Structure formats: C-alpha cells, structure tokens
Amino acid sequence: MTAATALARASTDATPPEPAWAREEFEALSEDEVVGLLLRRMRKLSERGWDPCEALIAASRIHLAIR
C-alpha cells in the first residue's frame with residue numbers, strides 16, 4: 001500500500017456538474033443528443049485524468065451525476 005504524499009490539485013473545471021438522467025428522459029433523446037451527452041461526460045472525466053476507457057464506462061452510467 002502506498003500513501004499519498006501530496007494534496008490533489010484543485011479542479012479547474014468551470015463547467016456545471018452533469019446531472020443524473022432518468023431512464024425515460026434519456027430514452028427520449030435523439031441519437032445525436034445521446035452522443036453529445038456521452039462525449040461531454042467523457043471529456044469531463046478525461047480532463048480529470050481518468051483513463052479513456054474508464055471514462056467512457058463511467059460516462060455511460062447516466063443514472064449517476066458527474067460533479
């Protein structure tokens with residue numbers, strides 16, 4: 001086990017949090033809106049240092065908010 005030796009950098013993300021989506025709301029979106037939503041969520045996580053594959057998986061969990 002390793003211990004953290006430095007504080008994490010403060011987020012410079014000025015965009016508002018991505019809200020959680022109800023299944024009905026998400027299914028009412030068009031294909032282009034879904035792609036835009038997932039890309040926006042994935043970019044937010046990638047900017048925080050997430051691995052792209054993990055960011056895509058987390059972004060697709062639309063029932064969870066991304067802060």
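Reader: Which residues does V34 touch, not counting residues up to four places away in sequence?
Author: This is a predicted model: local features need pLDDT of at least 70, side-chain atom pairs count only at pLDDT 80 or more, and totals for chains, interfaces and linings use all residues. Residues are numbered from 1 along each chain as its sequence is written, and side-chain values use heavy atoms, with hydrogens and water left out. Contact means heavy atoms within 4.5 Å. Leaving out residues up to four places away in sequence, V34 touches F26 and L29.

Reader: Does V34 count as buried or exposed?
Author: Buried means under 20% relative accessible area, exposed over 50%, and partly exposed in between (1.4 Å probe, protein chains only). V34 has 19% relative accessibility, so V34 counts as buried.

Reader: Where is V34 placed?
Author: Helices are DSSP runs of H or I with at least four residues, strands are runs of E with at least two, and both are numbered from the N terminus. V34 and S60 lie 26 residues apart in sequence, yet 9.8 Å apart in space, C-alpha to C-alpha. The place of V34 is in helix α2.

Reader: How many helices are there in the protein?
Author: From the N terminus on, the elements run α-α-α. There are zero strands, and the number of helices is three.

Reader: At roughly what angle do the axes of helix α2 and helix α3 cross?
Author: Axes are lines fitted to C-alpha atoms, for helices over the stretch in contact, and angles run from 0 to 180 degrees between N-to-C directions. Helix α2 holds residues 31-47 and helix α3 holds residues 52-59. Their axes come within 8 Å and cross at roughly 135°.

Reader: What does that make α2 relative to α3?
Author: Angles under 35 degrees count as roughly parallel, over 145 as roughly antiparallel, 65 to 115 as roughly perpendicular and the rest as oblique. The axes cross at roughly 135°. Therefore α2 is, relative to α3, oblique.

Reader: Which residues is L38 in contact with, leaving aside its neighbours within four places in sequence?
Author: L38 is found in helix α2. At 23% relative accessibility, L38 counts as partly exposed. L38 and A58 are 20 residues apart in sequence and 9.5 Å apart in space, C-alpha to C-alpha. Beyond those neighbours, L38 is in contact with A59, S60 and I62.

Reader: What separation lies between the C-alpha atoms of P19 and H63?
Author: P19 is found in the segment before α1 (23-27). Not counting residues up to four places away in sequence, P19 touches R41, I62, L64 and A65. P19 and H63 are 44 residues apart along the chain, and their C-alpha atoms are separated by 8.4 Å.

Reader: What percentage of the residues of the protein count as buried?
Author: V34, at 19% relative accessibility, counts as buried, whereas P19, at 46%, counts as partly exposed. Of the 67 residues of the protein, the buried part is 16%.
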